[in-house]
Structures are given as C-alpha cells and as structure tokens.
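Take a look at the sequence and the structure first.

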Amino acid sequence: MNRINVTKEKLKEAVFENIKTQFRKTIDQVSEDQVFHAVAYAVRDIIVDQWIETHKTYEQEDTKTVYYISMEFLMGRALGNNMINLQVNAVVKEVLEELGFDLNLIEDQEPDAGLGNGGLGRLAACFLDSLATLEYPAYGCGVRYRYGIFEQKIIDGYQVERPDEWLKNGNPFEIRRPEYGVEVKFGGNVRVAKDNDGREKFVHENYQSVRAIPYDVPIVGYGNSTVNTLRLWDAEAIQSFDLEMFDRGDYHKAVEQQNLAKTIVEVLYPNDNHYQGKELRLKQQYFFISATIQQVVRKFMKNHDNIKDLPEKVALHINDTHPSLTIPELMRILMDEQGLKWGEAWGICQKACAYTNHTIMSEALEKWPIELFSRLLPRIYQIVEEINRRFCAEIVDKFGYDNDRIRRMAIVSDGQIKMAWLCIVGSHSVNGVARLHTEILKNEELKDFYEMYPKKFNSKTNGITQRRFLLHGNPLLADWVSRKIGTDWITDLTTIKGIEAFVEDEKDRKDFMQIKYENKVRLAEYIREHNGIDIDPRSIYDVQVKRLHEYKRQLMLILYVMHLYNELRDNPDSDIVPRTFIFGAKAAPGYHRAKKIIKLINNVGNVINNDPNINGKIKVIFIENYRVSIAEEIFAAADVSEQISTASKEASGTGNMKFMLNGALTIGTLDGANVEIAEEVGEENCFIFGMTAEEVINLQRTREYDPWDMYNNNQAIRRIVTQLINGYYAPEDPDLFREIYDSLLNGGGEPADQYFILKDFDEYVEAQKKVDLAYRNQSEWARKAMLNTANSGKFSSDRTIEEYATQIWKLNKTKVLLPGENV
C-alpha cells in the first residue's frame with residue numbers, strides 16, 4: 001500500500017479519463033507522449049489536494065516563509081521525481097504494465113524543463129526538494145523561459161545552438177495564476193512631487209511596462225503531505241493587441257507590445273556580447289525580481305497590518321548576484337508604496353535579505369554600466385546611489401578617509417554598479433558554498449567587506465538530493481542499499497554510513513561492482529543509440545560532465561587523452577586498462593574559446609575512435625545536450641569522477657557529490673568541496689593532485705610562472721601542445737586550434753596558461769597512472785567505491801537546508817495534515 005492510498009483501479013480510471021478528455025482517444029489509439037501527459041495529469045490531481053492543504057496550513061499557522069530567488073532552477077523531469085516523493089511509482093508502474101506500456105519509456109517522453117544551465121540551477125532545484133521534504137515553508141521564484149538556454153547539437157564537432165522547445169507540448173504540472181499578475185515598469189523618468197502631507201514622493205512617468213503572470217509548479221516533499229511552490233514568471237503585454245493599428249494595416253505595430261513582452265522571457269542568459277544583450281539581461285532580472293517582491297509584499301499585507309513586521313514572516317534569499325535587485329526593489333516598495341522612511345525601510349531590508357556567493361572569480365561578479373542601468377531603471381538607480389552614498393559614509397566612519405578603500409568597496413564607482421557589493425551591504429548574511437570557498441572570500445576577494453562586516457560571513461557547504469540522484473537515478477544501487485541498511489537514508493543520508501559494515505565482504509564487493517556494470521551497460525546502450533559508437537562496459541568510464549569553462553579544465557583532460565594516445569601509438573602493445581573518456585558540457589553561446597574546446601574534444605575523439613591500431617583501448621565520447629535526465633544515467637555508470645578545476649577557482653561543485661554518492665572515485669585538485677570529500681572518504685580513496693589554492697593564489701600574485709618552461713623542458717607536453725597547431729587533429733585547417741595553443745603559451749589579453757593546465761599536467765598524468773593501477777584490483781576498487789558511497793552523507797542538500805533554515809532564515813518546520821490524517 002502506498003502512503004496516500006492510490007489504488008490501481010483509481011489511477012487507471014484517471015488515466016483513461018485524461019486520454020479521453022485531453023486527446024479524444026481510447027487507450028489503444030494513443031502515443032507514448034499522450035500516455036505521458038495522461039499519467040502526469042493523474043499524478044498532478046493527486047498532488048493538488050496536498051498542495052491546497054499545504055498553503056491553507058501555512059496561512060492558518062502564519063508561518064515564516066523563505067522565498068528562494070534564482071535565475072535558474074535546473075529541475076530535470078518532473079514526473080519520476082513526483083512519483084517517487086509521493087511514493088506512488090510502484091502502482092503507476094503496475095498500471096502502465098497492465099496497459100502495455102513501459103514506465104521508463106513513458107518517463108522519457110518528458111523533456112527536461114528548460115529553466116537552468118549548470119550547478120547553480122541544479123543546486124536551487126535540490127534545495128526546493130529538501131525544503132519540501134523537511135517541511136519548511138518555501139517558494140522558489142524564477143523565470144518561465146520559453147526556450148531555456150539552448151538545445152545543444154554537435155554538427156561536424158562544433159556546438160550549434162537550437163531553441164529548447166521544452167514547452168512545445170505544454171507542461172502538465174504547471175498552473176497559470178493570472179489573478180496574481182503584476183505590472184513591471186521600465187525606462188521613463190522619475191518626477192519628485194509632494195503628497196497631501198507635504199512629504200516628497202517619487203512619481204515614475206513615461207515608462208514602458210509589461211504584465212508579469214505567474215505559473216505555479218508543485219514541489220512535492222518525500223513521504224509527507226507538504227507541497228511547496230516553484231513560481232515562474234511569464235511576461236505578457238499590458239495591451240496585447242492594438243486593433244486600431246491593425247485596422248490601419250500596421251500589423252507589426254499592432255502586436256509590438258506583445259513581442260516586446262515575449263522577448264524578456266525567451267531564453268536564459270541571452271548573449272551579452274553586445275549592448276542589446278546586456279539590456280535584455282538587466283531587463284530580465286528586474287522583471288522577475290520586481291514581480292516577486294511586489295507579490296511577496298502584497299501577500300504579506302493581505303494578512304498583516306504592519307509592514308515593519310515583514311522580516312518576522314519573510315526571508316528573501318538571493319541566489320548569486322543575478323537577483324541582487326531584490327534589495328533596491330524592496331526599498332522602492334517600502335518607501336514609495338508603503339510610505340516608510342529610509343532608515344525604517346533599510347532596517348527591514350537588511351533583516352529580510354540574505355545572499356549566497358557562488359563564485360570566487362572577480363570577473364564573474366556582475367557589474368552594470370551606469371548609463372544602461374540608470375536609463376532602464378531610473379528609480380532603482382536613485383535608490384542604489386543613495387545606498388552607495390550612505391555606505392561610503394559608513395566606510396569613512398569605520399576606517400577613516402581612505403580613498404583607495406572607498407574606491408575598492410563603493411557600490412557605484414568607475415562608471416559601474418557592482419551587484420555583489422550591493423548584496424553584501426544590503427543583506428544580514430553572506431555565505432560561501434564550501435569551507436575553502438568561504439575562506440578565500442574572507443581573505444582574498446571580499447577581504448575589505450569581511451573586515452567591515454565579519455559577523456555577516458558564514459559557510460554553507462552545498463549538497464545534493466539523494467532522492468533524485470540515487471533513489472531515482474540509480475534504482476539498482478538504491479535497492480541494494482535499502483536491502484543492506486533499510487530506507488532511512490532516503491531522508492537522512494548520514495545513515496548511509498552503514499554501508500561501511502559491508503566493505504570487507506567479498507560477495508558484497510562483487511554485488512556492488514555488478515550493479516555498476518549493469519549501469520555501464522545501460523549508458524553504453526544510450527551512447528550506441530545517440531553517438532553511433534560502441535564502448536566497452538568493462539573499460540574504465542572516466543567522466544567529466546559540467547558547464548564548460550576554462551577554469552574547470554576540460555582542456556586538461558583532453559590534453560591527457562592526446563598524451564595517452566601518443567603513448568599507445570608509440571607502443572601499441574602497452575598494458576593499460578581500456579578507458580572510455582566521457583565528456584558532456586555546454587558552452588555559453590558567446591564563449592568562443594570554450595566552443596573551440598568542444599570542437600577539439602570531438603576532433604580528438606574522431607581520430608582516436610577510428611584508429612584500428614590501438615585496438616579500442618581508449619574511446620572518447622561527447623554526450624550531446626548534457627542535461628539532468630542523462631546525468632542521472634552517467635553518475636550511476638561512472639568509475640572515475642574528473643574534478644580537476646584550478647585550485648581556488650571552483651566555489652564548491654555538486655557533480656563531485658553526485659559521482660561520490662554513486663560509487664565513483666574522484667580524481668581532482670584540492671578545490672571547492674573536493675577538500676571536504678577527501679576528508680570524509682580519506683585521500684587514500686580518491687586521487688588528489690596539483691597545486692593547492694594557496695599555491696595558485698601566490699603564483700598569480702607573484703606571476704613567477706612561464707608556461708614556455710614547461711613546453712621547452714617536457715617532451716610529452718611539447719608534443720601535445722604542438723599537435724594543436726600542426727594539423728594532427730585538424731588536417732584540413734592546421735590553425736583551427738591556434739587560439740587554444742596561444743592561450744596556453746602566449747596568453748592573449750590574459751596571462752598565458754592562466755589556469756595552470758601545463759603547470760599541473762605532470763602530477764595529473766601520475767594521478768591517472770594510479771587510477772589505472774588501482775582499477776586492476778577489482779576487489780580493492782570495489783572497496784574504495786563502496787566507501788565513497790558510504791561517506792557521502794554530509795553532502796545531502798537536506799543537511800545544507802537545515803543549516804540555512806536554522807542559522808540564516810530562522811524558519812520553523814510546519815507539519816501539513818490531510819483531512820483524517822493524524823500527526
């Protein structure tokens with residue numbers, strides 16, 4: 001019996017009814033996609049009763065709620081996750097089998113939601129899952145992108161971006177809520193007037209505006225009745241169709257406002273290599289933030305009399321710098337609409353807002369040109385200027401007049417508005433996402449601010465939801481774990497430590513490796529179908545899947561593959577364990593060098609995969625359009641987890657945790673959360689190499705590094721780097737990879753080899769030799785893999801959310817009971 005007592009008969013009846021009413025068909029006429037929609041609507045109907053009861057409970061108990069504001073929510077597919085958290089997946093599977101359908105094939109009909117790109121968005125999705133499972137009142141707040149970031153196609157080895165049409169057939173789990181629509185204003189001018197009491201008031205005039213319409217998506221908690229909400233904002237024109245213009249024959253003008261509105265929500269991270277792209281990004285950010293904050297205040301005032309009590313009932317969490325406009329927008333509403341004075345409004349703002357920093361890299365901390373910002377958001381600009389004026393006075397009060405310090409710390413300086421600085425000043429909490437990351441923020445990037453506000457800074461190491469990445473993504477291993485230690489791990493991952501009791505048992509080691517093998521076969525079948533390449537499930541699956549950025553050093557791995565291939569070409573009979581290198585990554589559309597690295601990976605793969613002389617000892621695979629649904633299969637199948645970012649550059653990483661949970665061994669630098677992974681599992685159960693964060697920071701400071709020394713003194717390095725420009729992997733265009741060559745040896749506006757790929761290369765090769773040697777002893781490898789799974793307990797997002805909820809947001813758990821349900 002499932003927890004909410006859904007019978008096969010009721011579910012089957014609901015599926016038949018949905019097929020009839022949605023598609024005017026009977027069960028023998030429907031496609032798999034139509035069955036998916038029929039099942040999804042049946043599952044949504046189960047959810048809705050709990051959803052209603054959840055929000056009724058929150059209102060009755062007047063709970064404090066966190067609004068988690070993020071540009072990205074990389075949710076993946078919803079049906080499977082919702083079935084698991086409702087605990088109805090077994091009964092749904094039975095019903096579909098009786099109707100002649102395979103649940104896995106039906107789940108595959110659902111496109112991944114196009115709401116995110118990388119770790120930032122996936123973290124937000126994991127957090128929402130944990131908030132609902134732990135029974136904390138929460139909203140996720142984001143944008144309903146019509147075409148996501150893009151669908152990646154690999155054509156002739158190049159990344160080609162296509163629109164991600166994930167909404168083409170609708171989203172059965174979303175509900176449009178036009179009654180909560182709000183107006184968002186852009187441009188125009190601000191006029192100062194007097195109200196009836198003679199006080200100054202600011203009047204926004206001559207603006208353009210759009211209507212923000214929310215679409216609500218349920219976030220189901222595991223094994224309870226809590227259903228929180230992901231609220232996604234879509235944009236519509238205030239007047240969508242101008243009939244007068246149409247009748248005059250000006251058809252484009254007639255729908256101009258609707259087209260302007262649509263543009264705001266078309267894609268995630270529009271290319272900002274040009275002015276129009278920058279303007280659209282800023283407009284997009286303000287659009288969803290203004291809509292969110294307007295609705296938050298409106299909802300609060302519906303049930304409360306005094307706006308000054310807002311921080312007692314509302315926590316606003318700013319996920320990286322993209323939602324930083326939360327602070328001035330809240331100030332605008334508190335002063336211009338609620339009539340508060342600056343000091344009162346600022347106190348409320350700082351108490352309500354908290355900020356997570358996700359990047360150490362200074363160039364990734366958002367900055368906006370004053371000219372653009374002030375023109376597009378005139379009232380918000382006035383408020384930011386006043387925040388800056390008062391903050392600069394505060395700097396002088398604390399440190400005396402120090403022009404250099406003021407210039408470094410000012411929110412508005414050198415023609416730019418520094419959004420991370422705004423977040424720090426306007427929030428009561430500033431957290432990093434791993435211990436090392438937080439220390440670097442305090443001692444390097446944000447040192448001035450730490451000296452000024454030491455009590456604001458804290459660390460919250462990231463986490464992942466085991467329900468998505470083990471229970472759903474790796475059912476074979478999940479079942480094995482549950483048979484061994486019970487099911488408590490599903491909601492308390494620390495209990496997975498119990499697996500350690502079985503690591504010395506030879507049969508359990510073999511069973512663990514057999515599960516890994518079956519998952520490798522599953523991935524091999526996917527690769528055969530989508531890449532047309534046969535890979536050996538007995539080979540080492542050596543995997544690097546993540547957003548493509550130079551600091552993540554996908555280039556280092558493909559250079560190592562080139563090195564290994566050279567060794568095999570020189571000595572075809574070399575005794576190496578066969579290795580399959582698996583890459584998956586999207587590069588930002590405007591990131592030219594990153595796209596060249598994708599081309600290099602594919603060209604190298606094309607040469608190696610078609611060379612009969614190496615007897616298939618190595619293969620190179622690039623997974624097209626990497627996304628959450630295929631990630632689940634990859635994590636389950638991986639033997640080796642490549643976490644090789646330049647030390648000090650990766651804030652945390654969460655892919656490292658997903659691989660660890662699924663029994664892959666990490667080869668990596670002491671960067672981000674790798675440091676804590678190595679502490680938990682022991683360095684003897686992973687492969688650590690390379691410079692430390694301190695060494696990297698010192699080398700960057702002294703600039704005492706010349707990559708030509710590595711090139712001139714190391715024959716293996718010289719050979720692979722030269723192959724970038726001698727036509728070995730691009731005979732039709734030997735200069736194709738010249739840009740990559742130059743980045744390693746000559747720079748080009750930045751220091752040569754700025755991410756120390758050549759500097760760390762020898763140690764990386766030695767670490768890879770250790771991987772080869774360790775894998776030969778399958779029993780010992782199994783022991784290490786089992787220990788990785790057993791020691792992954794710290795890295796659950798449930799633990800992270802408990803820390804946020806109790807230490808930053810000050811939330812209370814709220815039990816939701818359905819009618820007739822007992823505590």
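R390 is partly exposed, at a relative accessible area of 38% (buried means under 20%, exposed over 50%, partly exposed in between; 1.4 Å probe, protein chains only). This is a predicted model: local features need pLDDT of at least 70, side-chain atom pairs count only at pLDDT 80 or more, and totals for chains, interfaces and linings use all residues. Residues are numbered from 1 along each chain as its sequence is written, and side-chain values use heavy atoms, with hydrogens and water left out.

**Salt bridges**

- The structure holds 62 salt bridges (a side-chain nitrogen of Lys or Arg within 4 Å of a carboxyl oxygen of Asp or Glu).
- R390 pairs with E386 in one of them, at 2.7 Å from N to O.
- Both residues, E386 and R390, sit in helix α15, 4 residues apart, about one turn of the helix (helices are DSSP runs of H or I, at least four residues; strands are runs of E, at least two; both are numbered from the N terminus).
- E98 bridges to K8, with the closest N and O atoms 2.6 Å apart.
- That pair links distant parts of the chain: E98 is in α4, K8 in α1, 90 residues apart.
- K8, K12, E94 and E98 are linked in a salt-bridge network.

**Helix α13**

- W342, A345, W346, I348, C349 and A352 are buried in α13 (residues 342–352).
- These buried residues fall within an arc of 160° seen down the axis, so they line one face of the helix (the arc is that of the directions from the helix axis to the C-beta atoms).
- G343 and K351, on the other side of α13, are exposed.
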